[in-house]
Amino acid sequence: MKKLFQVVIALLLIALLPLPYGLYVLINTISAAFFGFLSYRLFQEKITNAAYVCLVLTTVYQPLMRISLGRIGWCLLDAVVAASLIVFVFGHSLIKPDTRLGKSVKRLRSLFYLDESGD
């Protein structure tokens, strides 16, 4: 599962480059599927706040009805989402584990099998 997060992070960072429009559509489609899967898993586990965030990201990245944010808007969105995923996947040790946020992050990481060393 960690590799899936890494692929989506890489795709969102690649989307910051000037690419043909078709590649942006492909990256958005993959991102929408990824965030849709995350929201489904989060709703299953009754983690509704994070599930709603992923559901909004699914809606923003979906390729059927394009949302016009402009080039700068899409770059900002991709950069913020990629940075958030990087912190979630790799920066969990920066959060104190005894706080409420630390416990929430630990629960989310265990839900997506990010704490396993073999992945």
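**View 1. L13 in helix α1 of the predicted model.** L13 is found in helix α1, which spans residues 2-14 (helices are DSSP runs of H or I with at least four residues, numbered from the N terminus). With a relative accessibility of 39%, L13 counts as partly exposed, a class lying between buried, under 20% relative accessible area, and exposed, over 50% (1.4 Å probe, protein chains only). Residues are numbered from 1 along each chain as its sequence is written, and side-chain values use heavy atoms, leaving out hydrogens and water. Because the model is predicted, local features need pLDDT of at least 70 and side-chain atom pairs count only at pLDDT 80 or more, while totals for chains, interfaces and linings use all residues.

**View 2. Helices α3 and α4.** The axes of helix α3 (residues 48-61) and helix α4 (residues 70-90) come within 13 Å and cross at roughly 145°, the axes being lines fitted to C-alpha atoms over the stretch in contact, with angles running from 0 to 180 degrees between N-to-C directions. On the α3 side, L57, V60 and Y61 meet W74, L77, D78 and V81 of α4.

Key. Helix = DSSP H or I, 4+ residues; strand = E, 2+ residues; numbered from the N terminus. Contact = heavy atoms within 4.5 Å.
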